Amino acid sequence: MASDAFFPFRDGLEVGLAEGISAVIQPGGSTRDWDIIDACNQYGAAMKFTGQRCFRH
């Protein structure tokens with residue numbers, strides 16, 4: 001699962017994890033990043049913080 005913005009809450013991420021997502025890539029930067037890390041750890045998914053947003057308006 002990839003996102004060009006951080007995950008502000010774990011509920012959206014958990015939908016993907018429950019469906020079998022095994023890796024997540026996102027820029028990070030949310031005050032709730034630890035909740036997202038915990039969700040990935042609970043499901044055994046890998047996660048990479050890119051440190052930068054990557055989108056075009």
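Visitor: Does Ser30 count as buried or exposed, and at what relative accessibility?
Guide: This is a predicted model. Ser30 sits in the loop between β1 and α2. Buried means under 20% relative accessible area. Ser30 therefore counts as buried, with a relative accessibility of 10%.

Visitor: Which residues is Ser30 in contact with, leaving aside its neighbours within four places in sequence?
Guide: Ser30 has its place in the loop between β1 and α2. With neighbours within four places set aside, its contacts are Phe6, Phe7 and Pro8.

Visitor: Which residue has its backbone nitrogen 2.9 Å from a polar atom of the Ser30 side chain?
Guide: A polar contact needs N or O atoms within 3.5 Å. At 2.9 Å, the pair formed with the Ser30 side chain involves the backbone nitrogen of Arg32.

Visitor: Is Gly20 buried or exposed?
Guide: Gly20 is found in the loop between α1 (10-18) and β1. Its phi is positive, near 110°. Exposed means over 50% relative accessible area. Gly20 has 55%, so the residue counts as exposed.

Visitor: How many Å apart in space are Gly20 and Asp38, C-alpha to C-alpha?
Guide: Gly20 follows α1. In sequence, Gly20 and Asp38 are 18 residues apart. In space, their C-alpha atoms are apart by 16 Å.

Visitor: What arc do the buried residues of α1 cover, seen down the axis?
Guide: The buried residues of α1 are Leu13, Gly16 and Leu17. They line one face of the helix, because they fall within an arc of 100°.

Visitor: Which exposed residues does α1 carry on the face turned away from its buried side?
Guide: The buried residues of α1 pack against β1 and α2. The face turned away from them carries the exposed Asp11, Val15 and Ala18.

Visitor: Why are the buried residues of α2 placed on the same side of the helix?
Guide: Asp33, Ile36, Ile37, Ala39 and Cys40 are buried in α2. They lie on the same side because the arc they cover around the axis is only 160°.

Visitor: Which residues are exposed on the other side of α2?
Guide: The buried residues of α2 are covered by elements including α1, β1 and β2. The other side of α2 has the exposed residues Trp34, Asn41 and Gln42.

Visitor: Which element gives the most to the largest nonpolar core?
Guide: This core has eight residues: Phe7, Leu13, Leu17, Val24, Ile36, Ala39, Cys40 and Ala45. The elements that give two or more are α1 and α2. With three residues, the one that gives the most is α2.

Visitor: Which residues does Ile36 contact, leaving aside its neighbours within four places in sequence?
Guide: Ile36 belongs to the largest nonpolar core. Ile36 is also among the buried residues of α2. Beyond its neighbours within four places, Ile36 is in contact with Phe7, Phe9, Arg10, Leu13, Gln26 and Met47.

Visitor: Which residue follows α2 with a positive phi?
Guide: Helix α2 covers residues 33-43. The residue that follows has a phi near 70°, and this is Gly44.

Visitor: Which residue in β2 is the bridge partner of Ala23?
Guide: Strands β1 (residues 23-26) and β2 (residues 46-49) run parallel, joined by four bridges. In β2, the partner of Ala23 is Ala46.

Visitor: What is the handedness of the β-α-β crossover?
Guide: β1 and β2 run parallel. The chain passes from β1 through α2 to β2, and this crossover is right-handed.

How values were computed
Residues numbered from 1 in each chain as written. Predicted model: local features only at pLDDT ≥ 70, side-chain atom pairs only at ≥ 80, totals over all residues. Heavy atoms only, no water. Pairing = 2+ DSSP bridges. Right-handed = clockwise from strand over helix to strand, strands pointing away. Buried < 20%, exposed > 50% of the residue type's maximum accessible area, 1.4 Å probe, protein only. Arc of directions from axis to C-beta. Contact = heavy atoms within 4.5 Å. Core = buried A, V, L, I, M, F, W, Y, C linked by side-chain atoms within 4.5 Å. Polar contact = N/O pair within 3.5 Å; in protein donor to acceptor, adjacent residues only side chain to side chain.
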